Each structure stands twice: as C-alpha cells, then as structure tokens.
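I set down what I looked up, entry by entry.

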There are 2 protein chains.
Amino acid sequence: MTFTAFKPTPESIPPQNNVLRLKLSGNSLVNHHPLNPLEFLLRAALIYPNKLAIVHPDVKAPAFYTFSIWAQRVQNLAYALLKAGLKPGDRIAVIAPNVPMMADILQSALAARVILTTINTRLTPQEVAYILEHSGSKLILIDYEYLHLIEGTRIRVVVSNDTGRNGDPYEQFLSEGRQFSDEKGWLGLEMEPDENTPTMLCYTSGTTGRPKGVLTTLRGTYLAAIANAFEGQLDRNSTYLWILPMFHAAGWTFPWANTFAFATQITMRSVDYSLIWKHFLHSRVTHYCGAPTVQIGIVNDPAAKRPPQLIRAYIAGAAPTAHLISSLEEIGIEPIHVYGLTETYGPFTRSYLQESWSSLSLDERSKLMARQGHAFATAGDMRVVYRADESPSGPHGDLVDVPKDGKTMGEIVTRGNIVMKEYFKDPFATNKAFRGGYFGSGDLAVMHPDGSASILDRGKDIIISGGENASSLAIEQELASHPHILEVSVVAREHKKWGERPMAFVILHPQHASKWNSRHEEFAKELKAHARKRLPGFACPEWVEIVSDLPKTSTGKILKTELRKRLAKL
Amino acid sequence: MTFTAFKPTPESIPPQNNVLRLKLSGNSLVNHHPLNPLEFLLRAALIYPNKLAIVHPDVKAPAFYTFSIWAQRVQNLAYALLKAGLKPGDRIAVIAPNVPMMADILQSALAARVILTTINTRLTPQEVAYILEHSGSKLILIDYEYLHLIEGTRIRVVVSNDTGRNGDPYEQFLSEGRQFSDEKGWLGLEMEPDENTPTMLCYTSGTTGRPKGVLTTLRGTYLAAIANAFEGQLDRNSTYLWILPMFHAAGWTFPWANTFAFATQITMRSVDYSLIWKHFLHSRVTHYCGAPTVQIGIVNDPAAKRPPQLIRAYIAGAAPTAHLISSLEEIGIEPIHVYGLTETYGPFTRSYLQESWSSLSLDERSKLMARQGHAFATAGDMRVVYRADESPSGPHGDLVDVPKDGKTMGEIVTRGNIVMKEYFKDPFATNKAFRGGYFGSGDLAVMHPDGSASILDRGKDIIISGGENASSLAIEQELASHPHILEVSVVAREHKKWGERPMAFVILHPQHASKWNSRHEEFAKELKAHARKRLPGFACPEWVEIVSDLPKTSTGKILKTELRKRLAKL
C-alpha cells in the first residue's frame, strides 16, 4: 500500500478558493487576537498544503492525509458536530487509540467550540460510565474496538471502523458535516473570542478515589504546544511517531506542537515495538514521547539498532535511569527529560543540558539528566516549598521555599499559563490544588544549588525507614544500575523494628533471566550487596522479588498502589 | 583582551540566594500569567547563569557579561530608573548604537514598567527634539558619541562612555540603582499585571511628514520574539551578531528572541564589514539580521569566505535579489527572507521554502524566495485587499481580497497579536491605519495561487508608464541580474509621451567599475538591452545614471524620495 494508491473520500477534498481563516467575532480588535492552537493547522494547510500531515499505515486500510485534506476533514467534523446540535461549551467524548479520528477531533473540537473529553481506552465500562456522566458528554466518537466500553449508553454514538473509506460510519458522519456546511467553509465557523475558554477535559487516572476532570484552555494549549515544539526543535522536516496515547493529557499538547511546526504525524493503534522500529528505521521518525517503561521496551527490542537519522525522545512520567539514558544514546536517540502532570498540560519542566556535564562520567551525567530541572519556555516559575501555615489565608504568603541544598524536601509547585483552569465541577479540589497561589503537584522534591529540582517521590511513595525518609525513586535508580535488571519498582513494606523497609519488585533482563532460574534467593542476595555499596542502610531493600510483569497504567506508569495491595496479601 | 581579564563592577555581581522572580500583583491568578518577555532573561540567568549573554569586544574597553551578571545589571538599571522618580507608563529615551547599555535598557524598561523610546542615532538634533517632546520623555540614556544630538536639553541625561568600568557615569547610575534597591532584588519589582500594557515606542523614519510613534505591548513583544526565535532556529548554541541597529523597531524583538533561546549576543558600535567578517570567521556567529544593502556589503567584502559554521541571515527591509541570494548561499549563509514594518514589531511574514523548489534553477528559486510569503508563527492572517467602500463603516466589511492570480494589485493588510497597539497620541492616524479591521501596510502587492504575497511597491513608488503599472521593485530585480551591478534603485520620472518612465540609478560593482570609466553612455545602452530581454517595454528604464552612492535611511533602506528630489532638479 503506498500513499498514491490511497484516495480520500470526495468530501475530504477542499473546494476551490478555500479560505483558511475562521470568522472573527464582530468586536474583535485589530491588534489583539485570541490565542487558538487550531490556527496552526490552518497555517500548515495554507503554507504546506501537499505535505503529509497524518500517516496511518499499519492497518488493513491505510490512510494518508496531506495538511490540505486533513484540514478539510477537521472542518467537516466540526460541522457534523454542529449539525448534531452541539453548542459552544457542550462536552463530547472520544474513546479511541492513536488513529486519524483521534487526531481529527483534537482539532475539530476547537473549531466547533465544544469541550473534548479524551477517555483512556484501558478503563473499565464502569469508569467510562462515570466519566461520561460527570462530564455530561452529549456525543461519543468511538473506535470500533472499544464499543464494549459503552454498551447500553443512551448518548449518541459515532463509530469509526478506522478505514477512512466510504461505508465507514465515521466517514458518513464527516460527509454529512460537509453537506451541512453548505460550503461556508472556515469562515462559517466563528473563532472563540475568549482565549481563556476551556477546550480539553482530561480525567486523571485517579489512583485514589474518583478520577478528577482536568479542564484546560485555548491559551494554555497554545503556549504549551509552542514550548514543546521549541524545546524539541520540531520543524517542517520532522516526523513525529505517536507512541504516547493522544488520550493522555491530550497528547501533552503535541497534536498542536506538530501542526505549529508543520511536522508529519504517524499514528499507530498500539504500542508495538517491532512497528516502532520499522518506523524508526524506514519512516524517518525524528521525534516521539514516552514514559521510561516504553523507552525500556524500545531499547531492548531485538530490532533495535542505530537509525539513519537523529531521533529525539521526550521522556516523562517517571525519571529515566542512567542505564536507560545510556542505552538510548548508544543507538542514537537523544533523550529530552521533561516532567509534568495532566494539570500542567503535560511537560512544564526540563532537565537542561549544561556544557560542564560533557566532562562527567555517564553515570554522573545521567543523574543530572534525570533531574526534573527547570521550568520551561512558556511555563511560569517552579518552586519547591513547604507550607508554613496550612490555613489558606493569604494568596502567596504561606509558601516557603526550601533551601537550595539538594536535601531538604518540599513539594513542587508551579503557576502560570500552563496550569489547568480547574477541576471540572469540583471547586473544592481546585481550591485545594491552588492553595497559596500555586498549583501543588503532590510530588516531593529537593531544590539543588543550581535552581533545578529533583523529585524524590510522590508523597505517598516515600518510605519511612527507621525514622529516615527514603526515596523509592532514588532506590530504584541505584538498583537499575545492576546489569541484569530490566525494570524495578520499590515500595514500602511494614517492618516490626523499623516501621517500614523498602521492598523491590524486579523484572530481569531477558538475556540474563535464565541464569537466575530457580535461584531467586541468590539473586536477591546479590542485589542487596549491590545496593549496600550505593545506598545508606535504611534505603537498602529488605526484600527482593523477581516478577515477570509490573502493574502499569495505560500510559506506562507503574502502579505502586497495586504493588502495595499485593504486599498486603503476602 | 580576553573574557577572563574583564571584571564587571562589584555592583554587577548578584547577591547570594538571588531569587530570579518578579513580584506578582496581589490578585494574580494561579493559571493566568501576564505574558512578559523580561521573564526570558530571568530564566536564562537561572538555567545558564555562567553562559555569555552580551559580548562587546571591539572597543577600547571590551566587556563580557554572563546571563547572571547581565540580569543583575538590568535589575540595577531598573532600580536606578525608579530612584530617578519614574512611574509605570512614563516615557524615557535612549540614543545609542549597539552597545551593552542599549541591550540593558531594552530589558530594564520592562522591569521598571516605563515606556522606552529608542531614537535613531542618524536623526538631526531637530528631529530628536521633536521625538523627545512628542514622547514626553523624562530621562535620556545616551552614548557619549551622540551628545551633540541633545545639546541644551532640559531633560535629565545619563551618559555612557561605553567602558563598563568604574568612573563611567552610566556605571555610576547602575551602582546607585543597586544601592537604592536595598537588596530587595527582583521580588522588589512588581510584574506588570496587564500584558496589553505598552512597552516600546519606536518612531517611524517618516519619509513624509512628522515621524509617528509606534506603541507596542508586552504581549505582542513576547509572541513576536518567540516567533523570531522559532523561525530562525535560535537556540542555546546560537551566537547572534548585532548588525541591525537595536533602535530600529526595538531590534525586531531580537533582544528578547535571544534571551528566549539563551543565545549569546555580540554588539558592535557600527556596521563595519571587516569586523563582521572577523566575527563570522572567529566568533562562531550563527545568526544576524540585515537589510539587503547591508547583505550586499557583507558578501562583497574582500574578507568574505565560507565560515566554519552555518550562518542564518534574516533579510528584511526590501526584497533580496536573486543575485544576492546566490551570493549568500555560495559562502554558506542561509537567507531567511522575512517582511514587516515597525508597526508589526518587525517581521511578520516569511517566504517558506518548499521542497519543490529544489529542482528549480537558482534564478527561479530566488524569485520565489524573494516573495514576502505567508504570515508567520504567531502572526495573525495576512491578506492582499482592495477597499470596496472607502468609508470606514463596518469593521471588516469593506476589505475585498484580490484574486490569487499573481497579477491583481492590492494592499497587504494584517491583524493579530503582532500589530502595534496604536500610534502614540495620534488617534486619527491609528484609526486610518486600522480601517476595515486590519492594519494597512501601505505596501502594494499581489497574491499568488499558493497564498503567498509579493510586494510590487510602496504605493508611492509605483511607476505609471503608458497607463501600465510598473513595479520599481520588479525592475530592480531584473536589472540587478546584470553581473556588473552592485546595487540599483529605480524611480518614476516624468515623460511627455508616456506620463512616467522608469529611471535607474546604478552603483557598479568595484571589480567592473573601471571598465566603464568615461563610458557611462555605453553602459546605459548595454543595461537597456539587458532590460529589454527581461521586461515589458513600459517597464524598461528610459534613463540610466551611474552613481557612487545611493541615499539611505539609517537602517539601510534606499530613500527613493531623495532620488525623486534629485530628478526634480535635473
């Protein structure tokens, strides 16, 4: 299947004399234009109409859309939403993997001025039902593979069979939109006049309690997307591979970072390492995002070898180990370590490389790279603080910066344009998160003398061992340096004498696993000895368990809550 | 003189535990931060404190400032302004070439929340007096070389001898600022809460009538600076050479584009081609801006040869000829052709390279590159329009797009965040410029089928020859392809039969000038023959005059008004 063999539906072809400009509200000012990341796509369609925008090659019915065609499809979808009776501010939901429909709706929602809820495809039907109910979604766009998640729903549903061909109900929906538009085109769609209007509604995975709906704005998305494009040097020669699910925090704003930079996006339905390597080696991929666990899978795939082009990998979700960083660099992948949360539109800090690091050993350098670093391009300031006064009195008065000693623990807080608008329908949680005039991340960290931060742990992951605070992340970093370890996670386990002690769950590297068959206890001994050389006594694991798998969220984060549940049963 | 031998004044050294954050107003929101390009410098000082920020090497007393030191000096200057009694919104003026004081004040004005007027150093004392009066400037920062421009002024003056050493009155002023701050540091300076507040006041050269004061905002400067950094791929490995005067439209926002990207800036007091080549070849320069006349001087300098690193040249102020583009590319300089006006913060369009151009001849490719192109990253839309109805009735109703035929002439108009706030104290001129809901550039252009624009001429430069509109720029483009021509300018001259006919003023290339000594008429014949092969009859020059120099503005634009005055005397 080649690009030229694919024919988009007739309704995907823009009309002659297509005007790539939204209608402005009557009282708009000449010199003040609401920030709106949809405009990046319209620019791309104007300047590079025939450049490939969306490539979806690894399915029975591959599809290839240029910026010009894609923009028309986005417009058709926007009109289809209006035809369905949706009004500005209404919520709709999408349940899909990384497919063209998903790329479309992340743009069309802005054109139709509806709020889009991107639902994690790994949730249970009950969890999905909760999100649909809580968001008040009036329409669901769903990929054929996930229909079981919404059985019996009374909300209107549009199904995509992911074919891009006539006969697909999603294509029918788009075509109806095109008919409905009456060829009014982009000028028939009014630009949202207020850049602070909500646009995306992403529910956090909610390891404790009900998931919370993170509401973000057009302005924040615009500024975060530009920052992500700039930090990774995305440009018109870039090809971005979608490994990170787009439903996760709206793809960390990369749907718009890519249109801003005129980059080509390749979509894949699932994280398949052999497919990833096919694209790395043959599709000129230059950028992708992924959590460390995904990166580990990539570097350890049998197909891994140095690609002909430089690839930049945004790593976030957890700190990369020195071992992972060196593994990536060895095959020509340049890691960009960023940090953020759904509440910060994805990344808002970066570990900025320093010239002086080039003289350091890989181990030392990797530890510096694994820091969360400094707030990035368009983010506001990041601080590590404790709360002198827990009453929410003054707006800023109660936050005290920890000393820049690399030791004193505090919470990472931030403020600025890439902090969410609010938790949807949850003013109590919003106020709590915004206490002291900053958004509290819940991540415990230290501030180094150079003003960069390192996360020690999520608050609940700290291990209190003999009265000392042991960072589970720091322990994992050191254990991961053992050459036989593929992945490791450390949690607190009750201990009669010390209160808590660390327990390590380990996946062995496939190349070395056979060596330790039926010799788990010996491996535990060896790993404990390895730890004692590198960690203080209170931080050494008291227990080591070899496992074949670790429980993870759909976005690749290890679920320590699950590990703790397992412990409770031991 | 080396970097290490330079010692900044003691007051330039930041205190221990320096906090690089401005004070926020009491009612600031957690998730909405006013856009302010001063924050780029504070970030640079936090993340790369010891990287060189400002290098001023080619003077008796060279100076070298790191981001950390420079930020402190900027803060000192801000406090010195407050000590001088200035209040938010007050105007101050600076009269200086590209020196550190100029770099400082472009940042400090934002910290002290005063409006900065950057005055062109080539103006007459009368013109300077007009601007000081019109702007209501309460303080003047001036370089020692330009004191004659303000003789007898009653405004407070701070003189810089451009030494960066104790004993310099400017250094004394900074030191007093440091004392006045009482070490309150950045947290003693309140961040401007409204991003739409005016910040720069740049007077247009005013070829007709009084100069107009172009007022720009923090938001516009922030967004334009990011776009300039992105379009030229400025980053922390970049070194920017200041050839463009910083007083010209506030240096096209590059003072902030450079801090955004953590780039090093080299300042030079004047445009000296041998110095430029010294830096190209030995100072790892990667970026600079300049009008075509400056670029011509650069490529024709005897020292010109391929530098060891890639250099990107932003070209604006007039369209580059094919000859210039090829000359730049031959020595490894990549031209980025941008277009803009003082009213658009400098560049707001760019000629975007297309893959398909690579198969074209240099001549064809250069013509495409010489187009003004499309609106860029954070600019709003650009249109080429005529006014169906000259009455300023509806906000948008009266603008009609010309057909995209590459032929029909209209005016380039734009709107969006990088359009000025207003002409200072001139609501009449502002309303006129903003007629129809767009800013009218006054530049006459055509729209090509691909949505890119080409300027034919400033309205008054069009030559009406035998009832046909002849573009003086298009004629110049063709004449410049003659290998013996260094520079050429074409204006209309009265003609009995045809109304007007083109007259060409030509500077010969030094290598070929001697050949035509006392044979000017023969050269004129040859050039006319050259023109007839390339241009329609009505556009061929009727007269050709060889000159040794062309009248130019301080920013390198050819003054056609002066050429027309000469004609009137012929």
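**Entry 1. A helix pair in chain A.** I looked up helix α1 (residues 38-47) and helix α2 (residues 67-83) of chain A, which pack at an angle of about 140° with their axes 8 Å apart. I worked on a predicted model, in which local features need pLDDT of at least 70 and side-chain atom pairs count only at pLDDT 80 or more, while totals for chains, interfaces and linings use all residues; side-chain values use heavy atoms, without hydrogens and water. Residues are numbered from 1 along each chain as its sequence is written, and chains are lettered from A and ligands numbered from 1 in the order in which they are written.

I took helices (H or I, at least four residues) and strands (E, at least two) as DSSP runs numbered from the N terminus. Axes are lines fitted to C-alpha atoms, for helices over the stretch in contact, and angles run from 0 to 180 degrees between N-to-C directions. Angles under 35 degrees count as roughly parallel, over 145 as roughly antiparallel, 65 to 115 as roughly perpendicular and the rest as oblique. I therefore recorded α1(A) and α2(A) as oblique to each other.

On the α1(A) side I listed A:Leu38, A:Leu41, A:Ala44 and A:Ala45, which meet A:Phe67, A:Ser68, A:Trp70, A:Ala71 and A:Val74 in α2(A) (contact: heavy atoms within 4.5 Å). By class, this contact of α1(A) with α2(A) has eight nonpolar, one polar and no charged residues. Here Ala, Val, Leu, Ile, Met, Phe, Trp, Tyr, Cys and Pro count as nonpolar, Asp, Glu, Lys and Arg as charged, and the others, Gly among them, as polar.

**Entry 2. A helix pair in chain B.** I next examined helix α9 (residues 273-282) and helix α10 (residues 292-299) of chain B, whose axes come within 9 Å and cross at roughly 70°. α9(B) and α10(B) are therefore roughly perpendicular to each other. B:Tyr273, B:Ile276, B:Trp277 and B:Phe280 of α9(B) make the contact with B:Thr293, B:Val294, B:Gly297 and B:Ile298 of α10(B). I sorted the residues of this contact into six nonpolar, two polar and no charged.

**Entry 3. Helix α10 of chain A.** How many residues of helix α10 (residues 292-299) of chain A are buried? I found eight of its eight residues buried (buried: under 20% relative accessible area; exposed: over 50%; partly exposed: in between; 1.4 Å probe, protein chains only). The cover over α10(A) includes α9 (273-282), β11 (287-290), β12 (311-315), α11 (322-330) and β24 (485-495) of chain A.

Entry 4. I located B:Glu171 in helix α5 (residues 169-181) of chain B. B:Glu171 is buried, at 2% relative accessible area, and touches B:Thr9, B:Tyr65, B:Arg73, B:Gly164 and B:Arg165, not counting residues up to four places away in sequence.

I found B:Gly332 in the loop between α11 (322-330) and β13 (333-341) of chain B. B:Gly332 is also buried, with a relative accessible area of 14%. With residues up to four places away in sequence left out, B:Gly332 touches B:Arg306, B:Leu310 and B:Ile311.

**Entry 5. Positive phi in chain A.** I noted that A:Gln233, not a glycine, has a positive phi of about 55°. A:Gln233 lies in the loop between α6 (218-231) and β9 (239-242) of chain A and is partly exposed, with a relative accessible area of 32%.

A:Ser518, a residue other than glycine, has a positive phi near 55°. I placed A:Ser518 in the loop between α15 (510-513) and α16 (520-532) of chain A; at 76% relative accessibility, A:Ser518 counts as exposed.
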